[in-house]
Amino acid sequence: MTQTAGATTAHKIAFQAEKLSVSYGSVMAVKDVFLEIPQNQIVAFIGPSGCGKSTVLRCFNRMNDLIPSAKVEGRITFNGQDIYDKHVDAVELRRRVGMVFQRPNPFPKSIYQNIAFGAKINGYQGDMDELVERSLRDAALWDEVKDKLKASGLSLSGGQQQRLCIARAIAIEPEVILMDEPCSALDPISTLRVEELMQELKQKYTIVIVTHNMQQASRTSDYTAFYNAKATDQGGKMGYLVEYDRTEVIFQQPAQQSTQEYVSGRFG
Amino acid sequence: MTVQSPSTPSQSLWRPNRDRSRLIQTIVKCICGAFAAVSIITTLGIVATLLFETITFLQEIPLWQFLTDRKWTPLFASKEFGIFVLVSATVMISIISILVAMPLGLLAAICLSEYASPRMRKILKPVLEVLAGVPTVVYGYFALLTVTPSLQALLEFLTPLLNVFLAVLNALPFIAIESLPELKGFNSLSAGLVLGVMITPLVASLSEDAIYSVPQRLRDGAYALGTTKRETITSVVLPAALSGIVSSLILAISRAVGETMIVTLAAGANPTLGLNPFVPVMTMTAFIVQVTKGDAVHGSIAYQTLFAVGTTLFLITLALNIFSFWFVRRFREKYD
Amino acid sequence: MNINDTSPSDRPINIELFKPNLAKRYNLDRIFAFLAWGATTIAVAILAWLLFTILVDGIGTLNWNFIDSFASRKAERAGIKAALAGTLWVMGVVAVFSFPIGVGAGIFLEEFSEDNWFTRLVEINISNLAGVPSIIYGLLGLAAFVRLFGFGRSVLAGGLTLVLLILPVIIVSTREALRTVPDGIRAAGFALGATRWQVIWHHILPAAMPGILTGMILSLSRAIGETAPLLAIGAASFIAFKPNSVLSDFTVLPIQIYDWVGRPKKEFHDLAASGIIVLMSVLLLMNAGAIYLRNRFQQNR
C-alpha cells in the first residue's frame, strides 16, 4: 500500500497499524488504516470532522474498549507487540501510552494529587514529591503552581489545566503521549505554550496529536497523516486515511488531490 | 393620508378586545399567584401551630426539664417529659437504617450507573421506583410480621453457636455477659432494618443522579492513566460526586427521622432510654400517633405535648435538610 | 538543579520504579463489582420477599366478601367497604383541590413569574416543604382543619391535609412538564399577538397536559398510601358506614390496614395482607397509567 509512507525508516517504530478498522455498532467509523508511528517524533492527524482521526488515536491506548459498541479490527503493534492480543492488558498498556484530551479534565483534587494519583495507583515506589515536581517542570507548569500545590486543579486557568493534564500523563513515565486536539479549548497564548512544550517533550516521548488546526500540524509535527471521510450507502460517513508522509511533503507537494485541497483550506 | 391603501377595508374586520384579554390575564395571574402563595401559607401554618402550642407547653414544663428528664411519661399520673428518651429511640433506629441504606443504596447506584448495561438499567430503575412507592404501612406490616419473626428464628437457630461465643467472651477477664439478649416482638432492630430498605431507593436514585452527572471526560482521564474500573470509580468518580452523595444520605436520614408507620408498628410504644436495639422503644413519631389515636382533649397537657414533640421533630428534620442543601452548594464541583 | 530552570529535567527512564501489581488490583475490581451487583440483587430480592409474603398471607382471605363488608370485630366478617369508600372520597377531595392549586402555582412559577422576592420565597418554601415529615402535616391538619376551621375528623379535613402534603410534588412536576414545551411554541404564539395567558391556555397547557397528568397521578398514588398524617388528625379506624358527605367521619385503606396489623390475632394480620394486596393493586394500576401516559407523550414529541 502506498499509504504507509516509507520515509519513517530513520527511526524505530513505536506503533504500527495494519488494516485497522473501527466500527460503532453497525456504523463503520474508519476503515483500512495502514500507519507507522516513529519513535521520538511528533505525528499529526489532520482532516475534516468525522473522518475518524480521534477514533484511530483512541485505538493506540485501547480507550475504545470503554465504549461497549466499539469494535476494532485489524492489527496494531506497539514495539512489535500486538496490543489487541488477549494477553495484553489494557490497563498496563494505558500506563505506557499516556493521553491528553480535548478539554482539560483535571480531577477535582489538589494539583499535587492530580499528578500523584496515577503514580500511586500504578505502584510507584520512588519519591513522590520529587516525581510531582519533575512532572510539573517537564510540563512547564512548576513555576506557576509551586506555591499552591494544595489548591484544586480546577482553580487553574484553562491553559494551566491542560498543562496539568500533560504533567499528569508524563508522571507515569509513558513511552508515548496521545493528544486529542489538546489546544482546541485554549486561547492562542496557551496554545503556543503547549506547542513549545511538545517540542521539548519530543526528546523523550513519541507524540501523536490530533488537530483541526493545519498551522499547528505544520508548525509542530514531523509527520502528518491526512484523513478524509466519504459518504456511505447507509447515509453515514466513513473515515479513511488518504495520505501519510513527512509534514513538509504533505503541506508542500502532497500526492493526492484532496490533500492538496484540504491543506490549502479549500474544504474541511 | 389621502390615498386609500388597498388593505384598509379588511382592517375594519379586526377588532381585538385588548383590554378584555389583558384583564383576564391579570386576573388569572393573580389567581395563580395566590395558589403559589399557598406554599408560603402552609409553612407559616406549620410554624405557627407548632410554635403556639409549644409555647403554651413550655409555660407549664420548663425547657430545662423537657431536655434533661430521663423519663417520658406525659400520659401518666406522675408526668415526666424527658424528650431525650424519644430522641434516643429515633436516633438509634435512624442509625440502623442508614447503616443498611448507605452501602445498599450507594452500591446499587454505582451498579446502575457504572456496571449495568442500558437494558439492565431499564429493568432495574423501575424496580427501585416500585420499592420507593410501597406505602410505609406495608413496610410496617413487613417489619412486624415478617422480619421480626424471621430474626427471632434466626437467633434461635444460632443460639448454640452464640452460647459458645459467649462462653469464650466470658472466659476473658473484665467481660461478664450473663445471657444472650432476647429479641422482643417490638424492637428497633427490625424497624431500623426495614426503614433502611425503605430509604435505600432514595439514596440510590439521588446518588445515581450525582454519579451520572460526573463528566465522562473525568473517567477517560483516569482510564488513560492506567486505572482499573474500580479505581476509576472509587478514586475519581465517587469523590467528584461526593457532595451529591453526602446530601442524598443526609436527606435519607431526615426521611428516616420523620418516618412514622414502620416505627409505630414494629418498634413499639415503650419509652425507654438507651441504645438496646432488641427491646421495644418509642420514637417521636410513634408518640404523636399514640396521642392522636386516643382523643387528646384540646388544651390538655397531652395535646400540647404533641406539638412540643412535633416541634422537636420539625427542627431536627429542618436542620438536616438545610445542612444537606448547604453541603451541596458548598462542595459541588462545577463542570461546564 | 536550578530552581528557575523550567527546561525538561534529565529524566531517567525509571520504569522499574513502577510496580503495578495488576493481579491484586483486578481481584479488588472483581470483589467491588460483586458487591455492587450483590447490593442491587439484595434490593430486588427484598422487594420480591415482601411481595411474596404479602401474597401468601393475604390471598386466602381476599374475596368479594372482603371487598363488600364493613369493619367487624369478627375477622371472618370484616372487610374494607368503608375504607375503600373513604379512600375514594378523600382522593376526590385531594384531586379537586390539588389539581387547580398545584397546576396554577406551577404555571405562575414557570410562566408568569418575574425574578422577585415573592417568587424566590415561594421556591424556597416549596423545596423546604418537600422535606417536612408527613406527620407534621398531620399536626397542622389537626390544629387548622379539625379544630380551627371546625371540619372535625372529616373527609374534608383529611383530604385538605393530604393536599398540602402533595402540593410541592405536583408543583415541581407541573413545572417540569411546562419546561419540556419548546420555546418555539411560545414565540410563535406571541408573534401572532396573543397575550401570555392566551398562549398558555391555547398552546402550552395542551402540550404539557400529559406530563402534568402523569405527575398528578403519581402524586395521588403517593397520597393514597399515606397513613401518618391521617392518623395524626385522628381519622377513625373503626367505621361501619360509607361517608355520605365531605363532612362525614371516614377511614381509609392504609388506616384500616394499620389497625389490623396492630391487633394481636393472626386472622386480622391476614386481613391486613389482603388489604395491602388491594392497596398495592390500585397503586400499580395508577403507576401503569402514568407510565402509559408518559410513553405516549414522549412518542408524540
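**Exercise 1.** Determine which residues of α7(C) meet which residues of α8(C), and describe how the two helices are arranged.

*Solution.* In this predicted model, the residues C:I185, C:R186, C:G189 and C:F190 of α7(C) meet C:V199, C:H203, C:I204 and C:A207 of α8(C), where contact requires C-beta atoms, placed from the backbone, within 7 Å. By class, the residues of this contact comprise five nonpolar, two polar and one charged, with Ala, Val, Leu, Ile, Met, Phe, Trp, Tyr, Cys and Pro counted as nonpolar, Asp, Glu, Lys and Arg as charged, and the others, Gly among them, as polar.

Next, consider the axes: those of α7 (residues 183-191) and α8 (residues 196-225) of chain C come within 10 Å and cross at roughly 160°, the axes being lines fitted to C-alpha atoms over the stretch in contact, with angles from 0 to 180 degrees between N-to-C directions. That makes α7(C) roughly antiparallel to α8(C), a label given to angles over 145 degrees.

Residues are numbered from 1 along each chain as its sequence is written, and chains are lettered from A in the order in which they are written. Local features need pLDDT of at least 70, side-chain atom pairs count only at pLDDT 80 or more, and totals for chains, interfaces and linings use all residues.

**Exercise 2.** Describe how the domains of chain C are placed and how they touch.

*Solution.* Chain C is divided into domain 1 (15-61) and domain 2 (64-300), with 35 Å between their centres, taken over C-alpha atoms. Six residues of domain 1 are in contact with eight residues of domain 2, and the domain 1 side has two nonpolar, three polar and one charged residues.

Conventions: Helices (H or I, at least four residues) and strands (E, at least two) are DSSP runs, numbered from the N terminus. Angles under 35 degrees count as roughly parallel, over 145 as roughly antiparallel, 65 to 115 as roughly perpendicular and the rest as oblique. Domain bounds come from an automatic or database domain assignment.
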